[in-house]
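Student: I would like a close look at one part of this model. Please take a helix contact and the aromatic rings around it, and keep it brisk.

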Amino acid sequence: MNYEELLAARNDGKKHPVMLPIGGFYREQVDGKWRSVVDIRPELNQNIAFAKALQAECERNKTLMDKHQLHFTPVTNDEGDVTRLELELGNYQSFDQLLKDNPAVVAEKGFMDNVLTSLADATTYLHEQGLRHVCFSPKTVFVRKGDNSALLLTHGSFYGGLSDQRAFYGDDAEFVAPEVLNGGTIDDRCDIYSIGKFMLSLYDQSDLPLEYRTALKKAVSETPEGRFDTPADMVKAIMKRRASFRSVLTVVIALVATAICVGLYFEYFPETQPIEFVKPAPRTPTDDLIDDGFDPAELGVTSDGDSLVMDEADQRAFQAKAEEIFRKRYEKEADRILSKIYNKEYMSNSEKKFMAESESTIDELMKTQSEIGADAGLTPERSQLIATEIIERITNQKKQQLNTNSRAIQK
């Protein structure tokens, strides 16, 4: 008897037991073979609305032809009530069990992307069929053993007619959109909320990747209007954020090797001669970064209610002024941020520590770019392009300054 069989024996022959909204999921031996089953909660079958909804889902389940959809065969009692669902052959377990068995799986390369993409694909298919899953939780989302692609079983939109949604979902109610729990409309955006909550739950024990942070914050907005419209929109937002992150990361990483060499120089060649004080590099001028007296009237811009009426020439002038303001503000902040790692004391540290701090610095640079760009009225793409140029220039300046100081100290 192996370890899993010992656990099953301790649980009355049940492997991987977990409670779903409709009943208990587990694996048991049927005719000498292990099968995944769901025993329907007896008290639910006493509810006429639930019994009808379950019958409707059993019929609809036969027609759902998606690779992320689990199929099942209903088992009925003498009264015709569905008391059990026997799943198609396969070794399935919930994400809850997967994370208990192997919590480190979250850190595996590609895990997060694979889970999100499979959920988005499955949900898009359901929405095309007029269905919503409603509750994505570690207990209600499954995987096939050896494959981390998400699988779905039963769907909450069938049970939207139940009067007490909070009682129906029980411990998983935290993964259900507020409007659903309050008896509101079940639409596509409630699934966006639930997917966001599910993805966040995977990172309870570790840091959430930068590109996911902003997107998931929007996904779990308390109001449907604040969320993404479709799962595909959420995935696109994450991929776009990642591309922005990598563009900045490429600039910094390209310069890290040289920076580490400078750090090793200081570490292995200590100063033996009296130090000659070197005149510090001139500081970046701290211009007044307000509008510098810029007046729309000078361009012949007129006001139309609460908006400005501008011709093409005016728009170009405003764009140029916005970019000028962004450059001044961002150059000052980028110089301050990069100074944290491009200095003699810090670069004498190990490569591991330098790289760790570099990641934190990149996060701060990107956040600053986003905030200042929004204030200046620039598009994310334009502010990113200008920011990358400024970062590269300042980084090269600091490298050159460190090398110059290094040669001066050795004289």
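Tutor: The model is predicted. Of the chain's 411 residues, 43% count as buried. The chain holds 14 helices and 10 strands. Take the contacts with a separation of 6 or more: residues 24 or more positions apart account for 66% of them.

Now the helix contact. Helix α5 covers residues 111–128, and helix α8 covers residues 188–202. Their axes come within 11 Å. They cross at roughly 160 degrees. An angle over 145 degrees counts as roughly antiparallel, so α5 is roughly antiparallel to α8. The crossing of α5 past α8 is right-handed.

Next, the residues that make this contact. From α5 come Phe111, Met112, Val115, Leu116, Leu119, Thr123 and His127. From α8 come Asp188, Asp191, Ile195, Phe198, Met199 and Leu202. By type, the contact of α5 with α8 divides into 9 nonpolar, 2 polar and 2 charged residues. Asp188 and Asp191 of α8 are in the contact, and Asp counts as charged. Thr123 and His127 sit on the α5 side.

Across the whole structure, a search finds 9 aromatic pairs. One of them joins Phe198 to Phe95. The ring centres are 5.3 Å apart, and the planes stand at 90 degrees. That pair is edge-to-face. Phe95 lies in helix α4, residues 95–101, while Phe198 lies in helix α8. The two are 103 residues apart, so the pair links distant parts of the chain. Phe95 and Phe198 are both buried.

Compare a second pair, Tyr159 and Phe168. Their ring centres lie 5.4 Å apart. Their planes are at 35 degrees, so this pair is tilted. Burial means under 20% relative accessible area. Tyr159 has 1% relative accessibility, so Tyr159 counts as buried. Phe168 has 5%, so Phe168 counts as buried too. Tyr159 and Phe168 also belong to one aromatic cluster, together with Phe50, Phe158 and Tyr169.

Notes. Residues numbered from 1 in each chain as written. Predicted model: local features only at pLDDT ≥ 70, side-chain atom pairs only at ≥ 80, totals over all residues. Heavy atoms only, no water. Axes fitted to C-alpha atoms, helices over the stretch in contact; angles between N-to-C directions. Helix = DSSP H or I, 4+ residues; strand = E, 2+ residues; numbered from the N terminus. Parallel < 35°, antiparallel > 145°, perpendicular 65-115°, else oblique. Left-handed = near helix turned anticlockwise from the far one by under 90°. Contact = heavy atoms within 4.5 Å. Phe/Tyr/Trp six-rings, centres within 6.5 Å; stacked < 30°, edge-to-face > 60°. Buried < 20%, exposed > 50% of the residue type's maximum accessible area, 1.4 Å probe, protein only.
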